[in-house]
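Let's walk through this one together, starting with its pockets and ending with a pair of helices.

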Amino acid sequence: MNFGKKALFMSALVLGATMAFAKPTIYILATGGTIAGSTGGEALTSNYTAGAKTVDELIRAVPQINEIATIKGEQISKIGSQDMNNAVWLKLAKRINELLSSGKADGIVITHGTDTMEETAYFLNLTVKSEKPVVLVGAMRNSDSMSADGPMNLFNAVNVAINKESTGKGVLVAMNEEIHAAREVTKTVTTSVDTFKSPNTGKIGTVFYGNVKYYMNPIRKHTSAAAFDVSKIESLPRVDIIYGHANETADLIEAAVAKGAKGIVNAGMGNGNPSAKNTEALGEAVKKGVVVVRDSRVGSGETTMNGEVDDKKYGFLTSDNLNVQKARVLLMLALATTSDKAKIQEYYLTH
């Protein structure tokens, strides 16, 4: 082999080795929340400001993630997730789709407050158009707190995002060493670090000091297989949740209709049951063009069609086993896509 061919051969070997060991590129998109919260240095207080720390500060706090991935950070918002809104959701979905479709990112990690994390996760599960990993992560203790859980959660989330087995599983939530599917996960305890659970199905995997293991796959339509495209959507229709209780009145239903709600998710009692008078009020809302979805305040299990309530008579839809907050997310996207109620009911049974 002459010198020129040998040099070319060696260059090819070096290039191949470099490509083989090239670190994946992970974008961390920060929205705020407790994981970025600060007390100003006090370690033993529950009073803090959510979203006070920047994405760059979060990344610097976990230098180990730079050893396993090329990390890039972007600040999407700096809010507590109780203030999460449609505008931020649309901004997130569009930016994620841009990063993943362009090849700039091999995966996405989103730092987020825990109050509405499940809703953001499900919204993205329905609107991200990529099989690449998208992982939401947060914390139950702020960054200045004694035993803050944010750094380890972030380290684990990045490990989930770079794991090849995370591909094609839809949007994920990585919290407290567990991995949950976006459709199934919900916050179950107000303050405990062990708050995120998937009541109907259980977690789909675990991540322990970065070691990722999966045990099952989500099978409902998500991400690239989902029916929704927000690329040209600038706003979403109003959908309200009405919470059922003993001795309920129709006042809130009537107010929602009067204020222009295009959809109502009724968090009924038991198997999604409204009272007799609220059943009639919801039926009147349907006659005025509002799409009404029956769901349950119970928090798990299926809301079945045509049980105690004659859904066909009143024109109601049912939510399958989505909780009320996720049923609202799906209804907003459905109403932005179609006015066909049969198609919307199909979405609840397939997504």
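For residue classes, Ala, Val, Leu, Ile, Met, Phe, Trp, Tyr, Cys and Pro count as nonpolar, Asp, Glu, Lys and Arg as charged, and the others, Gly among them, as polar. This is a predicted model, where local features need pLDDT of at least 70 and side-chain atom pairs pLDDT 80 or more, while totals for chains, interfaces and linings use all residues. Numbering runs from 1 along each chain as its sequence is written, and side-chain values use heavy atoms, without hydrogens and water.

A pocket here is an open set of points on a 1 Å grid over the protein atoms alone, where a 1.4 Å probe fits, with protein on both sides within 12 Å along at least five of seven lines; lining residues have an atom within 4 Å of a point. The largest pocket holds about 320 Å³. Its lining has 22 residues, with T34, S46, Y48, M140 and R141 nearest the centre, and splits into six nonpolar, 13 polar and three charged.

The second largest pocket comes in at about 160 Å³. Among the residues lining it are R183, E184, M216 and R220, and the whole lining has five nonpolar, four polar and three charged residues.

Now the helices. Helix α4 (residues 86-102) packs on helix α5 (residues 117-127) at about 45°, with axes 10 Å apart. Where do they meet? W89, L90, L92, A93, I96 and N97 in α4 touch E119, T120, F123, L124 and T127 in α5, contact meaning heavy atoms within 4.5 Å. By class, that's seven nonpolar, three polar and one charged.

Notes: Axes fitted to C-alpha atoms, helices over the stretch in contact; angles between N-to-C directions. Helix = DSSP H or I, 4+ residues; strand = E, 2+ residues; numbered from the N terminus. Points joined across faces, edges and corners; volume = space filled by probe spheres on them.
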